[in-house]
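The sequence and the structure come first.

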Amino acid sequence: MSSEFYEKCEETEERPRSPRKISRRERERRRRMRRRKALFARAFAMLVLALFVTGMAFAVRQLRRRAARKPVEKPEITEDFLTVNPYSRPGEKLGKVKNIFVHYTANKDTSAANNRSYFENLKDTHETSASTHFVIGIEGEIIQCLPLEEIGYGVKTRNYDSVSIECCYTAEDGSFTEATYESLLHLVGWLLCEYDLEPKDVLRHYDVGGKLCPLYYVEHEDAWEAFLRDLE
């Protein structure tokens, strides 16, 4: 091959390639893509900022509410703990408390002491498994049957994350005496402060499982709502 051929090949290899021409449609498409990406980035940033501001506002409200909440003095309570046994005081550790459950004894005209004795005697009778942390009598007396560090047998599916309160009664409709009601308010208010809970965290036994307990508050929703308002 001649030298002239090699010179032409070298000239061809060294000649710079011209850039590919971009059509107007392609340029417009790319501009639209860049604008969309910029809009998406701004929208995402605004969403993150809004979520952050909302979260901070909620946290501040919670802190203010807790700071404004007046501590509730512990009511007068008689500690009379049950004997450790498999039927009413298993001695197992109670976890983080999420709810306070209100019950009624379903045993008209009995006292707090009577009901405490019933739970104690289950260790001998083996009749069933049942117990509660507190029993409130018809004169407002409060007996604590279990330490707050231990579970009770109050609500079958919630024994490991709740505290239960049984209330005595004398009325046919299951309503509580004024003294029982006042003690219930005081005790629940104190427990809410102890566990940093809100009135909405107070439930009836009925609310988990559908048992008609406490009877009066199941059949009179307005009375239950009034009780929660009184807690507020």
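Helices and strands are here DSSP runs, of at least four residues (H or I) for a helix and at least two (E) for a strand, numbered from the N terminus. On that basis, the protein reads α-α-β-β-α-β-β-β-α-β-α-α along its sequence, with six helices and six strands. The model is a predicted one.

**Overall organisation**

The protein has 232 residues, of which 38% count as buried. Among its contacts with a separation of 6 or more, 74% are made by residues 24 or more positions apart.

**The sheet**

The six strands make up an open sheet of mixed pairing, in the order β1-β4-β3-β5-β2-β6. Its edges are β1 (78-79) and β6 (202-204), each of which pairs on one side only.

| Strand pair | Bridges | Direction | Facing residues |
|---|---|---|---|
| β2 and β5 | six | parallel | Y104 and C167 |
| β3 (134-136) and β5 | three | parallel | F134 and I165 |
| β1 and β4 (142-144) | two | parallel | E79 and Q144 |

Strand β5 takes part in two of these rows, with partners β2 and β3. Is β5 buried or exposed? Six of the six residues in β5 (residues 162-167) are buried, so the strand is largely enclosed by the rest of the structure. The cut-off behind this is a relative accessible area under 20%. In a regular strand, side chains alternate between the two faces of the sheet. In β5, S162, S164 and E166 point one way, while V163, I165 and C167 point the other way. Residues of both sets are buried.

**Two buried loop residues**

T110 belongs to the loop between β2 and α3. Its relative accessibility is 13%, and T110 therefore counts as buried. The T110 side chain reaches the backbone oxygen of N107 at 2.6 Å. Beyond its neighbours within four places in sequence, T110 contacts T105, N115, I138 and C168.

R158 is found in the loop between β4 and β5. Because its relative accessibility is 15%, R158 also counts as buried. Which residues does R158 contact, leaving aside its neighbours within four places in sequence? They are K98, N99, F101 and V208. With N99, the contact includes a polar one between the two side chains, at 2.6 Å. F101 is 57 residues from R158 along the chain, and the C-alpha atoms of the two are separated by 9.5 Å.

**The largest pocket**

Rolling a probe the size of a water molecule over the atoms shows where empty space is left. The largest pocket holds about 520 Å³ of space. Its lining consists of 22 residues, and those nearest the centre are F119, A130, Y153, E166 and K211. The elements that give two or more residues to this lining are β2 (99-104) and α3 (112-125). The largest share, three residues, comes from α3. By class, the lining comprises nine nonpolar, ten polar and three charged residues.

E166 links the pocket to the sheet: this residue is among those nearest the pocket centre, and it is also a buried residue of β5, pointing the same way from the strand as S162 and S164.

Note on methods: Residues numbered from 1 in each chain as written. Predicted model: local features only at pLDDT ≥ 70, side-chain atom pairs only at ≥ 80, totals over all residues. Heavy atoms only, no water. 1 Å grid on protein atoms, 1.4 Å probe; cavity = no way out; pocket = protein on both sides within 12 Å on 5 of 7 lines; lining within 4 Å. Points joined across faces, edges and corners; volume = space filled by probe spheres on them. Nonpolar A, V, L, I, M, F, W, Y, C, P; charged D, E, K, R; others polar. Buried < 20%, exposed > 50% of the residue type's maximum accessible area, 1.4 Å probe, protein only. Pairing = 2+ DSSP bridges. Polar contact = N/O pair within 3.5 Å; in protein donor to acceptor, adjacent residues only side chain to side chain. Contact = heavy atoms within 4.5 Å.
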